[in-house]
Amino acid sequence: DDMKKSSACSNASISAKNRTILTAETTSSYHHQHHSNIMSGPPTWQLATAVYVPLLTGNLSVLGSGLIIYSMLVHGRRTKLRKPHHRILLAMSIYDLFYSLVKAFTFLLTPAEGQPGSMGVPGAMGNLATCRLQGFFIETAHATGAYNSLLSIYFWLSICRGVKNDTFTKYEPIAHILIFVVFVGFAIAGVVIELFNPAFGFCFIASYPPGCESGPGAPVCERWPPRTMGLMYEIFAQMWVQAYIVIVVVTNAAIWYKVHTQEKVIRSINQRVLSNTMEAGLAQKKKEASRERMVAVQSTLYVTAFIACWSGPTAFHLADWIAGFKSFWAVLVIVIFTPLQGFFNAFVFARPTYIRLRRAKPELGRLQTVKMIFFTPDPMTAVKSSAVSSRSPFSFADMPSIRPTNRLVDDDSFVEDGDAANGDLSAPDPIAAEEKNDEYANEDTSLGTTAKKVVFK
């Protein structure tokens, strides 16, 4: 009996020990599987899509920004760079070029399999250092929004406040220096504090290692836990974008209000009571109003390109920060549109000249027209001084420089119709015409002081 009891106790002890071992193994397997799922992150196809889609969109932006830079620096030093809005656009395109390059080649900069911080992106070739290099240039890319705002402010100052180019040019270098210092400074700070880490789709502001503290069983974050990410992302990125959107919307609304108000005043004038000299002044003011509308259209198109590219990240960041919303499709929208601003800017930059060239010389082919826009110092002068046809080549090596104007309203860069659009480059100098109109206003008193203010002021 004692032997039977001892054998039963021994069997029970072995069984309990086996159950303990089995339970421990099962629990360990569960935690390992759960931890693996957390660390694996999004599915491989989503990672690959988010990383390789910018290879197309980023290179399109590289092409657009590159054409603008080439047009300004190689062929436009005597003409285009004399205009403040072209200098602003050049600086914007330089920042966008670097941003588009690092977004296009995300797969070269993302940590490869086996490297610290790897998220398992197929074909990734980078490491943590290249990842933070990408984060550096993504941070500096917020300067493009600053230049969009500066461009809108320049248009507003010119159209609504009557500020001349010489006055704006005195203060323009301060804006360039300030933008460089702020955003390069933020980018350097982000690298120093190791804020830029691998994230879903690209390397930017993120916790490290990827997936840390994202759920039960996830590892503890070595740097920047998720609870701090919303605030850091707001300070380093989205705070600026939100401010830019407010600036460009407000300034462009003011520009359009000014344009509509002036057009309404001009339409209200009874031309039957005007003398010949006053009619000449009214015609000049109509021309200026038309050009102001064209400037407003161009400004709105630049703003539209900016908002189309940057409003997505802003909306999804706020949704994530406030409500914890996360989605692959949100990331996809970001990686598609944010690298495209240079591509859109190239279309907006070329649009007025393209319309003028096609109206002045309908026989020009579309491709030849585009080539003239980006590879000719002054396409309209080239058209007038050369026997241009869609089949015969010609040279623009010795094109004359154009006298710069001191007012945005006198700049033909935005003109789509009227004298310049029809190829009439011998039209009177707008500045001289305005001075003559002022003389007429001083001599002709038939309409009284009020009418003179409406027509000439």
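Modeller: A crossing is left-handed if the near helix is turned anticlockwise from the far one by less than a right angle, and right-handed if clockwise. The model is predicted: local features need pLDDT of at least 70, side-chain atom pairs count only at pLDDT 80 or more, and totals for chains, interfaces and linings use all residues. Residues are numbered from 1 along each chain as its sequence is written, and side-chain values use heavy atoms, with hydrogens and water left out.

Biologist: Why is α3 called roughly antiparallel to α4?

Modeller: Helix α3 (residues 54-73) packs against α4 at an angle of about 150°, with the axes 8 Å apart. Roughly antiparallel needs an angle over 145 degrees, so α3 is roughly antiparallel to α4. The crossing of α3 and α4 is left-handed.

Biologist: What makes up the contact of α3 with α4, by class?

Modeller: Contact means heavy atoms within 4.5 Å. In α3, Pro54, Leu55 and Gly58 are among the residues that meet α4, whose side includes His86, Leu89 and Lys103. The contact of α3 with α4 divides into 13 nonpolar, 8 polar and 2 charged residues. Nonpolar covers Ala, Val, Leu, Ile, Met, Phe, Trp, Tyr, Cys and Pro; charged covers Asp, Glu, Lys and Arg; the others, Gly among them, are polar.

Biologist: Why is α7 called roughly antiparallel to α8?

Modeller: Helix α7 (residues 142-160) and helix α8 (residues 165-192) pack at about 165°, with their axes 11 Å apart. That angle makes α7 roughly antiparallel to α8. The crossing of α7 and α8 is right-handed. By class, the contact of α7 with α8 has 10 nonpolar, 3 polar and no charged residues.

Biologist: How do you know which helix gives the most to the lining of the largest pocket?

Modeller: Lining residues have an atom within 4 Å of a point. α9 gives the most to the lining of the largest pocket, with 8 residues. The volume of the largest pocket is about 1,300 Å³. Of its 46 lining residues, the closest to the centre are Ala199, Phe200, Ile205, Asp320 and Lys326. By class, the lining of the largest pocket has 30 nonpolar, 12 polar and 4 charged residues.

Biologist: What makes up the lining of the largest cavity?

Modeller: Val51, Thr110, Met119, Val121, Pro198, Ala199, Gly201, Phe202 and Cys203 line the largest cavity. The lining of the largest cavity has 7 nonpolar, 2 polar and no charged residues. The volume of the largest cavity is about 40 Å³, and the structure holds 1 cavity of 30 Å³ or more.

How values were computed. Axes fitted to C-alpha atoms, helices over the stretch in contact; angles between N-to-C directions. Helix = DSSP H or I, 4+ residues; strand = E, 2+ residues; numbered from the N terminus. Parallel < 35°, antiparallel > 145°, perpendicular 65-115°, else oblique. 1 Å grid on protein atoms, 1.4 Å probe; cavity = no way out; pocket = protein on both sides within 12 Å on 5 of 7 lines; lining within 4 Å. Points joined across faces, edges and corners; volume = space filled by probe spheres on them.
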